[in-house]
Amino acid sequence: FLQVACGRFHLVALSVSGEVYSTGAAEEGRLGLGDVKQRRMLTKVWRIPLCRLIASGGAHSGAIDEELNVWVWGSNNCGQLGVSDKCDHPN
């Protein structure tokens, strides 16, 4: 892996080819997999394109794709995802 980012109970990894993977606790959608099912193995976050960079917070994560678009998912209870609502975003 090219980069790894850790949250409170989850981990996000960026492969050399730009694919994003996640594992760990999935509450609030922090894995970006569209559900709240815990993963014990790295699972590809398939809803986003190839990325250049990843980051992770306590219960949320984000990535920047090759076109420099920002993708964020997970807990948004304090507006940390930078979107207009305060709802969790699992994907």
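User: Which side chains meet in a salt bridge at 3.0 Å, N to O, with aspartate 35 as one partner?
Analyst: Aspartate 35 pairs with arginine 39 in that salt bridge, at 3.0 Å from N to O. A salt bridge here is a side-chain nitrogen of Lys or Arg within 4 Å of a carboxyl oxygen of Asp or Glu. This is a predicted model, where local features need pLDDT of at least 70 and side-chain atom pairs count only at pLDDT 80 or more, while totals for chains, interfaces and linings use all residues. Residues are numbered from 1 along each chain as its sequence is written, and side-chain values use heavy atoms, with hydrogens and water left out.

User: Is arginine 39 buried or exposed?
Analyst: Arginine 39 counts as buried, at 15% relative accessibility. Aspartate 35 is partly exposed, at 27%. Buried means under 20% relative accessible area, exposed means over 50%, and partly exposed is in between (1.4 Å probe, protein chains only).

User: How many salt bridges by this rule?
Analyst: The count is 4. One of them joins glutamate 27 to arginine 30, with the closest N and O atoms 4.0 Å apart. Glutamate 27 is partly exposed at 42%, and arginine 30 is buried at 6%.

User: Which residues do shared partners join into one network?
Analyst: Glu27, Glu28 and Arg30 are joined by salt bridges that share partners.

User: What does lysine 44 form a salt bridge with?
Analyst: Its partner is glutamate 19, and the closest N and O atoms are 3.0 Å apart. The two belong to distant parts of the chain, 25 residues apart: lysine 44 is in strand 4, and glutamate 19 is in the loop between strand 2 (10-14) and strand 3. Both are partly exposed, lysine 44 at 35% and glutamate 19 at 23%.

User: Changing topic. How many helices and strands does the chain have?
Analyst: The chain has 0 helices and 7 strands. Helices (H or I, at least four residues) and strands (E, at least two) are DSSP runs, numbered from the N terminus.

User: What order do the strands of the open sheet have?
Analyst: The open sheet has 4 strands in the order 1-2-3-4, paired antiparallel. Strand 1 (3-6) and strand 4 (39-44) are at the edges with a single partner strand each, so one side of each has no neighbour in the sheet. Two strands pair if DSSP finds at least two bridges between them.

User: How many bridges join strand 3 to strand 4?
Analyst: There are 3, and strand 3 covers residues 20-24. Across from serine 22 stands threonine 43 in strand 4.

User: What holds paired strands together in general?
Analyst: Strands of a sheet pair through backbone hydrogen bonds, either parallel or antiparallel.

User: And how many aromatic pairs?
Analyst: The structure has 1. The ring centres of phenylalanine 1 and tyrosine 21 are 5.8 Å apart and the planes stand at 80°, so the pair is edge-to-face. Rings of Phe, Tyr and Trp (its six-membered ring) pair if their centres lie within 6.5 Å; planes under 30 degrees apart count as stacked, over 60 as edge-to-face and the rest as tilted.

User: Where do those two residues sit?
Analyst: Phenylalanine 1 is in the segment before strand 1 and tyrosine 21 is in strand 3, 20 residues apart. Phenylalanine 1 counts as exposed, at 56% relative accessibility.

User: Last one. What does the C-alpha trace span along its principal axes?
Analyst: The trace spans about 30 × 30 × 20 Å. Of the 91 residues, 40% count as buried.
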